[in-house]
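The sequence and the model are shown first.

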Amino acid sequence: MRSSNPVFSRRGFSRDNNGYAGFDAPPQAGAAANPYAGTNPYAQGGNPYAQDAAPGTQTPQYAPQTRRMTMDDVVLRTGMTLGTVIAGAAVGWIFLTKSLGFAVGAGLIAMVLAFVQSFKRKPSPALILTYAAFEGLFLGALSGAINDVPKLAGAPMQAVMGTMAVFVAMLIAYKTRIVRVTARFTRYLMIALLGFVLLSFVNVLFMAFGGGDGLGFRSGGLGILFGVVGVVLGALCLALDFKQVEDGIAYGAPREESWLAAFGLTVTLAWIYMELLRLISILRD
């Protein structure tokens, strides 16, 4: 299975020899149920830490020297990444609010770094934290500029509170199985995300070459509807991320994958914040 979040679509998370892993059944022993068996570079045959074994013996999937990812690792790395975003946002709010050109540049750099990390074979903590810093600069400068508009004052704080509420609500919905992440759920979400991204891209093109608000997806009633759809899709992506982190822990992913989990959650939360900020701005305008 490929995640809606590109940073989870590489090796490891929720992928086995049949294409799907662990959505409707708990983890089972054996390579067929373990997404890390056969495809993980740490598994037998590709594990640089594995010792030579006698013919007919089975080596462990991970060598003892390789620590496995835990929930504490994910929480710690996610806190570090989000903390870097917050620190960058504070700098952007204070120093870049009047220089939106620099803010846009920071946003483009963050986007490039996100794509680079998404296609890297292994997570790079330095790259992830650098992305978080530039993403924070962009979000802080944009939020400060919006907050300076009298009728939009306070909108960034409302968006922050809304993002926290969406995260907590989706975590509760996921843990109580109100939202169940299945293969069908993922397919439909991927289709919806593809349509949303394509419409957004077309709207940007019309704005760039035709002026105004393009196709009208960012203002008026259509803009409100589009914003609500964006927030809902982001929330559903959180559920998918929760499932894939859970599977990574259950199947014994290497500890370094906790950085990948932190990166994916940060990308999704930044997206939800942007959509909420845009939606609140439309509603208050």
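## Helices α2 and α3

In this predicted model, helix α2 (residues 100-119) and helix α3 (residues 125-147) have axes that come within 8 Å and cross at roughly 150°. Angles over 145 degrees count as roughly antiparallel, and α2 and α3 are therefore roughly antiparallel to each other. Their crossing is left-handed.

On the α2 side, the contact is made by Leu100, Ala103, Val104, Ala106, Gly107, Ile109, Ala110, Leu113, Ala114, Val116 and Gln117. On the α3 side, the contributing residues are Leu127, Ile128, Thr130, Tyr131, Phe134, Glu135, Leu137, Phe138, Ala141 and Ala145. By class, the residues of this α2 and α3 contact comprise 17 nonpolar, three polar and one charged.

## Overall make-up

The protein contains seven helices and zero strands, and its pattern along the sequence reads α-α-α-α-α-α-α. Of the 285 residues, 47% are buried.

Among contacts in the protein with a separation of 6 or more, 76% join residues 24 or more positions apart.

## Helices α1 and α7

Helix α1 (residues 71-95) packs with helix α7 (residues 257-284) at an angle of about 45°, and the two axes are 8 Å apart. The pair α1 and α7 is therefore oblique. The crossing in which α1 passes α7 is right-handed.

From α1, the contact involves Asp73, Val74, Arg77, Thr78, Met80, Thr81, Leu82 and Val85. From α7, the partners are Ser258, Trp259, Ala261, Ala262, Leu265, Thr266 and Leu269. The residues of the α1 and α7 contact divide into nine nonpolar, four polar and two charged.

Ile86 also belongs to helix α1. Exposed means a relative accessible area over 50%, and Ile86 has 58%, so Ile86 is exposed. Between Ile86 and Gly136, which are 50 residues apart in sequence, the C-alpha to C-alpha distance is 6.0 Å.

## Helices α4 and α6

The axes of helix α4 (residues 155-175) and helix α6 (residues 220-250) come within 10 Å and cross at roughly 50°. That angle makes α4 oblique to α6. The crossing of α4 past α6 is right-handed.

The α4 residues in the contact are Val166, Phe167, Met170, Leu171, Tyr174 and Lys175. Those of α6 are Val231, Ala235, Leu236, Leu238, Ala239, Phe242, Lys243 and Glu246. The α4 and α6 contact has eleven nonpolar, no polar and three charged residues.

Thr163 is located in helix α4. Buried means under 20% relative accessible area, and at 9% Thr163 therefore counts as buried. Leaving aside residues up to four places away in sequence, Thr163 touches Leu269, Ile272, Tyr273 and Leu276. Tyr273 is 110 residues from Thr163 in sequence, and their C-alpha atoms are 5.6 Å apart in space.

Leu233 is placed in helix α6. With a relative accessible area of 6%, Leu233 is buried. Apart from residues up to four places away in sequence, Leu233 touches Leu189, Ala192, Leu193, Phe196 and Trp271. Leu233 and Trp271 are 38 residues apart along the chain, and their C-alpha atoms are separated by 9.8 Å.

Which backbone angle of Arg177 is positive? Arg177 has a positive phi of about 65°, although Arg177 is not a glycine. Most residues other than glycine have a negative phi.

Arg177 lies in the loop between α4 and α5 (183-210). The relative accessible area of Arg177 is 38%, which means that Arg177 is partly exposed.

Key: Residues numbered from 1 in each chain as written. Predicted model: local features only at pLDDT ≥ 70, side-chain atom pairs only at ≥ 80, totals over all residues. Heavy atoms only, no water. Helix = DSSP H or I, 4+ residues; strand = E, 2+ residues; numbered from the N terminus. Buried < 20%, exposed > 50% of the residue type's maximum accessible area, 1.4 Å probe, protein only. Contact = heavy atoms within 4.5 Å. Axes fitted to C-alpha atoms, helices over the stretch in contact; angles between N-to-C directions. Parallel < 35°, antiparallel > 145°, perpendicular 65-115°, else oblique. Left-handed = near helix turned anticlockwise from the far one by under 90°. Nonpolar A, V, L, I, M, F, W, Y, C, P; charged D, E, K, R; others polar.
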